[in-house]
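Thanks for coming, everyone. Let's have the structure up on the screen, and then I'll walk you through a few spots.

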Amino acid sequence: MEGFLSIGEAVNKYIDSCESKVNASPVKLFVKAVFAGMMIAMGAAASSVAAYAIDNVGISRLAAAVVFPVGLMMVILLGAELFTGDCLMIMATASEKHSPLQLVRTLAIVFAGNFVGAVLTAVAVAASGQLDYSAGLLGAYTIKVALGKATISTSRAVVSGVLCNILVCAAVLMALCAKDIAGKILAAFFTIMLFVVAGFEHCVANMYYIAAGMVAAVNPNYSQVAMQQYGYTVEQFSVLNWQHFLLGNLVPVTIGNIIGGMFIIGLPLLYLNREQKTESYTEKEERHERNILFGRNTASAGH
């Protein structure tokens, strides 16, 4: 298609791109993943600023959802590596472009890099003084968000993670369908906005949200405002620890993200478009360019 790629072409193109991921040096892959963690965290931090003073839950989430997608836009346009989007690599694994071990290795490096980038950004945001907004209300809201995520049940975390990465991976492939920057931005914006408004769980975003809440909870001013504003007790803040962060939220949400990205989006789309995989996207583009060149040469010869 002239204006955009069909989903079959986008699937093919994504599968071709996985070769560079699995063959990249671990250091470069890790750095790209750190960048992605930072970008998603910055989108999350800014979305909290947009939402923290709004009492109506629906409007608050909508305000956050208008801002948060910028994080994924940066990831897509700057070539960073995001764990949730990279779950789509299962399409290349199933196509025998690389081994399952290479898939696991790549995703493990990306996950670690995302974690480092998101946590460092959480620390930097707190150090910047941003959480002081409205006499510490933003800091209190940051604690509230973290507590909500750290205390979610395992089953809900998994299911919410599944729903989230259905939308994130859809956004990645829709952006790949677009041939211009405006199309990529629009594809990412509306789809990611949907998952934020719905309140689904994204493992990399949660790396920021819970880490930021842990940092905010040790600030006496923020914790005091949180108790006054939201009715929390000191004992409730004890939930914001590494155990609840990693085991209570991050593990089940990540499992859900993997299920949603790999088994509900990736493999079904590969199955639906498998008949188009007799020729790779790169080979198809090269053939198209040769046809254009041949046509021009033929036309020139006729003059």
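Which side chain meets K21 in a salt bridge at 3.2 Å, N to O? It is the side chain of D86. Before we go on, keep in mind that this is a predicted model.

Let's stay with this pair. Are the two residues buried or exposed? Both D86 and K21 are buried.

K21 has another partner. Its side chain also meets that of E81 in a salt bridge, at 2.8 Å, N to O. K21 is in helix α1, residues 7-23, and E81 is in the loop between α4 and α5, so this pair ties together parts 60 residues apart in sequence. E81 is buried, as is K21.

Now the third pair. K149 and E201 form a salt bridge through their side chains, 3.3 Å from N to O. Here, too, distant parts of the chain are linked: K149 sits in helix α8, residues 133-150, and E201 in the loop between α10 and α11, 52 residues away. Both K149 and E201 are buried. How many salt bridges does that make? The count comes to 3. Shared partners join K21, E81 and D86 into one network.

Next, a loop. L88 is in the loop between α5 and α6. Why does L88 count as buried? Because its relative accessibility is 0%, and buried means under 20%. What does L88 touch, beyond its neighbours within four places in sequence? Its contacts include Y14, C169, L173 and I265. L88 and G260 are 172 residues apart in sequence, yet 9.7 Å apart in space, C-alpha to C-alpha.

On to a helix pair. The axes of α7, residues 100-128, and α11, residues 203-217, come within 8 Å. They cross at roughly 35 degrees, and the crossing is right-handed. Among the residues making the contact are F111, F115 and V119 of α7, with M207, Y208 and A211 on the α11 side.

Last stop, the surface. Which residues form a nonpolar patch there? They are W242, L246, L247, V251, I255, I259, F263 and I264. Together they have about 710 Å² of accessible area. Take L247 from that list. It is found in helix α14, residues 242-272. L247 is exposed because its relative accessible area is 57%, and the cut-off for exposed is over 50%.

That's my tour. Questions, please.

Methods
Residues are numbered from 1 along each chain as its sequence is written. This is a predicted model: local features need pLDDT of at least 70, side-chain atom pairs count only at pLDDT 80 or more; totals for chains, interfaces and linings use all residues. Side-chain values use heavy atoms; hydrogens and water are left out. Patches are made of residues with over 30% relative accessible area and no salt bridge: like charges are joined within 9 Å, nonpolar side chains (Val, Leu, Ile, Met, Phe, Trp, Tyr) within 5 Å. Accessible areas come from the Shrake-Rupley method with a 1.4 Å probe; for residues, only the protein chains shown count as cover. A salt bridge is a side-chain nitrogen of Lys or Arg within 4 Å of a carboxyl oxygen of Asp or Glu. Helices (H or I, at least four residues) and strands (E, at least two) are DSSP runs, numbered from the N terminus. Buried means under 20% relative accessible area, exposed over 50%, partly exposed in between (1.4 Å probe, protein chains only). Axes are lines fitted to C-alpha atoms, for helices over the stretch in contact, and angles run from 0 to 180 degrees between N-to-C directions. A crossing is left-handed if the near helix is turned anticlockwise from the far one by less than a right angle, and right-handed if clockwise. Contact means heavy atoms within 4.5 Å.
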